[in-house]
Amino acid sequence: MTVSIQPLHNEAAAQLRELIFGGGLRPGQFLDEKALCDQLAVSRTPLREALKILVAEGLLRHEPRRGCFVEEITERDLDEIFPVIALLEGRAAYEAASKMTAADRAVLDVMHEQLAQHAEAGDIEAYYRMNHQIHEAFITLANNRWLAQTIADLRRILRLARLQQLSAPGRLVHSLREHQEIYAAVCGGSPEAAESAMRNHLLQQRRALQRMTSLTLSRMA
């Protein structure tokens, strides 16, 4: 049996992603290479290769003569990214509706039942995890690797913002309703309706985040 060994720079890149997404490295933070070498138990060469990977992914930015910093996502970035990912995930829903089988529907039935249960219980964390799985299921059903890759790239950038749109007042209920509309369209074999419902779902997420930002600013005033 052949054992696959992950190159050191790929392992270091994976650890850095987890630090960024988990909050161990904050947006805008300077990356001290010596400290990171000690923390990740790697030498400078694989670390610098790992940094190049994350710069290419958009998670870090490199400033000449200064070094690498964790990328920061602005409100403008969110305004520009959400319409794009809404188009892409809308297309995934369109293709999923065109290709779904009875077996696929049985799996989605269970997932949506669990989603509704989490919403009823007000369990945002469990709802978020199932919500993510359902989105992934539609992308898998679409069976379009270019679409899947582009969506994954944008989602990686959005994770930098640590979005919490489900915490917005009333958002959990509205999100469930939007998912039910998407599901009905996909199961009904209506690609255009599925695409429209998914696009609306993503755009509503952005609006919920904008409302949360407005509420936060008003409380600080």
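Author: Buried means under 20% relative accessible area, exposed means over 50%, and partly exposed is in between, with a 1.4 Å probe and protein chains only. H112 is buried, with a relative accessible area of 9%. This model is predicted: local features need pLDDT of at least 70, side-chain atom pairs count only at pLDDT 80 or more, and totals for chains, interfaces and linings use all residues. Residues are numbered from 1 along each chain as its sequence is written, and side-chain values use heavy atoms, with hydrogens and water left out.

Reader: In which helix does H112 lie, and with which residues is H112 in contact?

Author: Helices are DSSP runs of H or I with at least four residues, strands are runs of E with at least two, and both are numbered from the N terminus. H112 lies in helix α5, residues 102-121. Contact means heavy atoms within 4.5 Å. Leaving aside neighbours within four places in sequence, H112 touches I134, F138, H179 and Y183.

Reader: How many helices and strands does the chain have?

Author: There are 9 helices and 2 strands in the chain. Their order along the sequence is α-α-α-β-β-α-α-α-α-α-α. The C-alpha trace spans about 60 × 55 × 30 Å along its principal axes. Of the chain's 221 residues, 39% count as buried.

Reader: Why do the buried residues of α2 line one face of the helix?

Author: An α-helix has 3.6 residues a turn, so residues three or four places apart point the same way. In α2, residues 33-40, the buried residues are L36, C37 and L40. Seen down the axis of α2, these buried residues fall within an arc of 105°, so they line one face of the helix. The arc is that of the directions from the helix axis to the C-beta atoms.

Reader: What covers the buried residues of α2, and which exposed residues does the face turned away carry?

Author: The cover includes α1 (8-22) and α3 (44-57). On the face turned away from the buried side, the exposed residues are K34, D38 and Q39.

Reader: Which residue caps the N-terminal end of α2?

Author: D32 caps that end, with a side-chain oxygen 3.0 Å from the backbone nitrogen of K34. Just after α2, A41 takes a positive phi of about 60°.

Reader: How are two packed helices described?

Author: Two packed helices are described by the angle between their axes and the distance between the axes. Axes are lines fitted to C-alpha atoms, for helices over the stretch in contact, and angles run from 0 to 180 degrees between N-to-C directions. Here α4 and helix α6 (residues 124-142) pack at an angle of about 60°, with axes 7 Å apart.

Reader: Which residues of α4 and α6 meet?

Author: From α4, E89, A92, E95, A96 and K99 meet H135, F138, I139, L141 and A142 of α6. The residues of this contact divide into 6 nonpolar, 1 polar and 3 charged. Ala, Val, Leu, Ile, Met, Phe, Trp, Tyr, Cys and Pro count as nonpolar, Asp, Glu, Lys and Arg as charged, and the others, Gly among them, as polar.

Reader: Is S98 buried, exposed or partly exposed?

Author: S98, which lies in helix α4 (residues 75-99), is partly exposed, with a relative accessible area of 46%. A polar atom of the S98 side chain lies 3.0 Å from the backbone oxygen of Y94.

Reader: Where does E57 lie, and is E57 buried or exposed?

Author: E57 lies in helix α3 and is buried, with a relative accessible area of 19%. Leaving aside neighbours within four places in sequence, E57 is in contact with R17, R156 and I157.

Terms used: A polar contact is a pair of N or O atoms within 3.5 Å; within protein, one must be able to donate a hydrogen and the other to accept it, and residues adjacent in sequence count only if both atoms are side-chain atoms.
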